[in-house]
Amino acid sequence: RAKAQGKDNYQFYSAQMDVHSSAQLALESGLRQALARDELLLYYQPKVDLASRRIVGVEALLRWRHPEQGLLPPSCFIPLAEETGLIVPMTVWVLDSACAQAARWRAAGLPPLRVAVNLSPRQFNDRHLLDDILAAAERSAIDPGLIEIEITESMVMHDADRAATTLRALKAAGMRVAIDDFGTGYSSLAHLKRFPIDVLKIDRAFVKDLPDSEAESAIARAIITMGRGLGLTIVAEGVETAAQIDFLRTHGCDEAQGFYFGHPMEPSQLESLLAQPPRVAP
Ligand code: C2E
Ligand code: MG
Ligand code: MG
Ligand code: MG
């Protein structure tokens, strides 16, 4: 279409595209080297049990310490990692690193912490994924019961049979499975009950305006009630205020994760947080 508008326009557009693709290429070659150069790191965000106010688990969240651009969040590089297939070795690194951290915390005598790792939608149908997860758990020698795998609704819905087989194998190995960002996809709890799931994470979209928004309150209550009815642990994502926590606890939500209890942080910071008394009720 640009070509039809004349030569000058065509050159303009192609110049733009070159700029775009050379930035993309630079990022891609950087990402290829990130693993070898040890530039990836994991931050850990606490998950807090709302009854005891204790940290019962953490979610491992990937960061890339880019040599020029500084610390990059996953939104800057996970899509590219998925497109290029780099997501596969990256996920192996994430699994190894998170399991090794969990093992170090156990060895240091800390109470057992569940460690959750995120998977990408694109890789859930990868035939080697299951072997990669099982191998990482074995290398670290930690109790597989401490490993939680976070997947999204779209991942299980895309190829439901394959997903069910993979999830059953993870369960058989003793791991826990969480549905991340629940409520934003196209599945229903009725569908999900076919899958061996342990945890439902209510997406931040339904937590953000609690307790003031009547619609969000109704949705959050419904997810909690149905999820608990199915015997699942319910975790609220993106909790930032005492009022949200009050609402969630009153309506039977088990755990919460969000800036209120702590941002994603380095392992040493998490250790300091664990040493402090629980943050008390509002
Ligand atoms: P997620 O799994 O839903 O992770 C929660 C995201 O919400 C994290 O963003 C976290 O920093 C942010 N968050 C936590 N509490 C709050 C809060 O109170 N308020 C607000 N506004 N945000 C909060 P992050 O670390 O940028 O990660 C974004 C997404 O990237 C994750 O969403 C996950 O889907 C993906 N991701 C992270 N690490 C990995 C990984 O190792 N592998 C893969 N495949 N995906 C990952
Ligand atoms: Mg997650
Ligand atoms: Mg989430
Ligand atoms: Mg979310």
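Strands (E, at least two residues) and helices (H or I, at least four) are DSSP runs, numbered from the N terminus. With these terms in hand, the sheet can be explored. The structure is a predicted model, in which local features need pLDDT of at least 70, side-chain atom pairs count only at pLDDT 80 or more, and totals for chains, interfaces and linings use all residues. Residues are numbered from 1 along each chain as its sequence is written, chains are lettered from A and ligands numbered from 1 in the order in which they are written, and side-chain values use heavy atoms, with hydrogens and water left out.

Burial is judged by relative accessible area: under 20% is buried, over 50% is exposed, and partly exposed lies in between (1.4 Å probe, protein chains only). By this rule β6 is mostly covered, since 5 of its 7 residues are buried.

Asp181 lies in strand β6 (residues 176–182) and Glu237 in the loop between β8 (233–236) and α9 (242–250), so the pair ties together parts that are 56 residues apart in sequence. Asp181 is partly exposed, with a relative accessible area of 25%, whereas Glu237 is buried at 12%.

Some backbone details also deserve a look. Leu210 and Pro211 are joined by a cis peptide bond, with omega about -5 degrees, and Pro211 sits in the loop between β7 and α8 (214–229). Asp38 is not a glycine, yet its phi is positive, at about 65 degrees. Its place is the loop between α1 (7–36) and β1 (40–49), where Asp38 is exposed at 59% relative accessible area. Arg53, likewise not a glycine, has a positive phi of about 65 degrees. This residue belongs to the loop between β1 and β2 (55–66), and Arg53 is buried, at 8% relative accessibility.

Stepping back, the protein chain has 10 helices and 9 strands. The radius of gyration is taken over C-alpha atoms, and the globule rule is 2.2 Å times the number of residues to the power 0.38. For 282 residues, a compact globule would have a value near 19 Å, and the 21 Å of the protein chain agrees. Of these 282 residues, 45% count as buried. A contact means heavy atoms within 4.5 Å. Among contacts with a separation of 6 or more, 66% come from residues 24 or more positions apart.
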